[in-house]
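Have the model open while you read.

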Amino acid sequence: MRIGVLTSGGDAPGMNATIRAIVRTGIASGDQVFGISDGYRGLVEGKIVEFTRKDVSEILSRGGTILGTARLPEFKYEQVRALACKQLEKYDIDSLIVIGGDGTYTGALRLHEMGIKTIGIPGTIDNDIASTDYTIGFSTALNTACEAIDKLRDTSSSHQRCSIIEVMGRHCGDLALYSGLCCGAEYIITNETGLDKEKLLKDLKSNRLAGRRHAIVVISENITDVHQLAKDVEAYSGYECRATVLGYVQRGGAPTPEDRLLAARLGKYAVDLLHEGVTGVAVGIRQNELRYTPIEEALIMQNETSVELANLVKKIS
Ligand code: ADP
């Protein structure tokens, strides 16, 4: 087979490990593997080169993506995707593996509908693809968030402060939920829990009156202006309060062993599925087993793990 691979949307640690797994397992199966730079934009522009085993040496432990990533909103137009199909035809590439999040999956689905054999691999720190228990990059981002929250807890305790920490996740609360649980946050606010500001302020005030030295509030991005929230907490609760936005630091760094393992397993699985003639699917891991799901289903599935953890938060925080 002649397989193209691209990374698209937000980058995530472990994308390189996934590219390596695809190239190495593809070549071992007698395939030719082509790297496509800068996501769908590079595909449309024909930024395509064949990869050797050596081209993916020493990238396993590197964050980011050697292929680069880019956003191309115009990919929603059929005439733009037709240009992508032409490039694939020009290079005689018969199958495409895309690594990214739900936007990337939507692009893959549209290509599949146009007759391109396509497989999606979940590569995003947000863990917002419900057809897999974990996305590649989530473990690393979680580690980064936990390390930062632990450090903020140390200084918050010394100064008797309340710390509000905004983590990424786009519209998915998993990063906040998992990092909040792992770091013993007093409050975890996600899209799923919603923000009851009045209750939060009252709770923090009673905590302060009860003599608790600090409070950690972990909140997902895109919920509220955390700097304004910190001002309101300070005005009402008696705590000095600081907001910290962890931001893009969560996207970088060497992937954790969990992300490297997931990358290797899903990369090989995608190549194997193409050999079996399975396309138009998203691969993932569920209860530690490799699974595939039609992309259109993957895009609408609900994440059940989050519901279980959200219930745990109510009991443990
Ligand atoms: P992610 O894959 O991380 O969710 P984006 O939402 O930015 O990231 O999507 C990545 C790319 O996928 C977009 O820049 C675009 O090229 C493509 N894409 C997103 N939505 C669609 C769509 N509705 N139709 C076709 N392509 C899309």
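## Around Thr18

Leaving out residues up to four places away in sequence, Thr18 touches Ile99, Ile121, Ile136, Ala263 and Gly267 (contact means heavy atoms within 4.5 Å). Thr18 sits in helix H1 (residues 15-28); helices here are DSSP runs of H or I with at least four residues, strands are runs of E with at least two, and both are numbered from the N terminus. Thr18 has a relative accessible area of 0%, so it counts as buried. The cut-offs are under 20% for buried and over 50% for exposed, with partly exposed in between, using a 1.4 Å probe and protein chains only.

Some ground rules before going on. This is a predicted model, so local features need pLDDT of at least 70 and side-chain atom pairs count only at pLDDT 80 or more, while totals for chains, interfaces and linings use all residues. Residues are numbered from 1 along each chain as its sequence is written, and side-chain values use heavy atoms, with hydrogens and water left out.

Strand S4 (residues 95-100) is mostly covered, with six of its six residues buried. Both faces are covered: Ser95, Ile97 and Ile99 are buried on one side, and Leu96, Val98 and Gly100 on the other.

S4 pairs with strand S1 (residues 2-7) in the parallel sense over five bridges; pairing requires that DSSP finds at least two bridges between the strands. In that pair, Leu6 stands opposite Val98 of S4. S4 also pairs with S5, again parallel, over six bridges, and there Gly100 stands opposite Pro122 of S5.

What about strand S10 (residues 281-286)? Five of its six residues are buried, so S10 is largely enclosed by the rest of the structure. Two bridges join S10 to strand S5 (residues 117-122), and these two run parallel. Ile119 stands opposite Val281 of S10. With strand S11 (residues 289-294), S10 runs antiparallel and is joined by six bridges; here Val281 stands opposite Pro294 of S11.

The hairpin of S10 and S11 has two residues between the strands. Gln287 lies in that loop and has a positive phi of about 50° although it is not a glycine. With a relative accessible area of 69%, Gln287 is exposed. Another non-glycine with a positive phi is Asn222, at about 65°, in the loop between strand S8 (215-220) and helix H8 (226-237).

## The nonpolar cores

Nonpolar side chains tend to be buried together in soluble globular proteins. A core here is a set of buried Ala, Val, Leu, Ile, Met, Phe, Trp, Tyr and Cys residues joined through side-chain atoms within 4.5 Å. In the largest nonpolar core, which has 53 residues, Ile22, Ile97, Ile121, Val167 and Leu175 touch the most other members. Helix H9 (residues 257-276) gives this core its largest share, eight residues. At least three residues come from each of domain 1 and domain 2.

Which residues does Leu175 contact, leaving aside its neighbours within four places in sequence? They are Ile125, Phe138, Ala141, Leu142, Val167, Met168, Gly180 and Gln250. There is also a second, separate core of 25 residues, which includes Leu43, Ile93, Leu96 and Ile295.

## Two domains

The domain assignment gives domain 1 (2-137 + 255-301) and domain 2 (141-251); such bounds come from an automatic or database assignment. Their C-alpha centres lie 34 Å apart. Across the boundary, 13 residues of domain 1 are in contact with 11 residues of domain 2.

## The ligand

There are 15 residues around the ligand, and Arg71, Leu72, Gly103, Thr104 and Arg170 come nearest; a residue qualifies as near if one of its heavy atoms lies within 4 Å.

Now for the polar contacts, meaning pairs of N or O atoms within 3.5 Å. A polar side-chain atom of Thr104 lies 2.5 Å from an oxygen atom of the ligand. For Gly103, a backbone N or O atom is 2.9 Å from a ligand oxygen. Gly10 also takes part: one of its polar backbone atoms is 3.3 Å from an oxygen atom of the ligand.

Methods: Polar contact = N/O pair within 3.5 Å; in protein donor to acceptor, adjacent residues only side chain to side chain.
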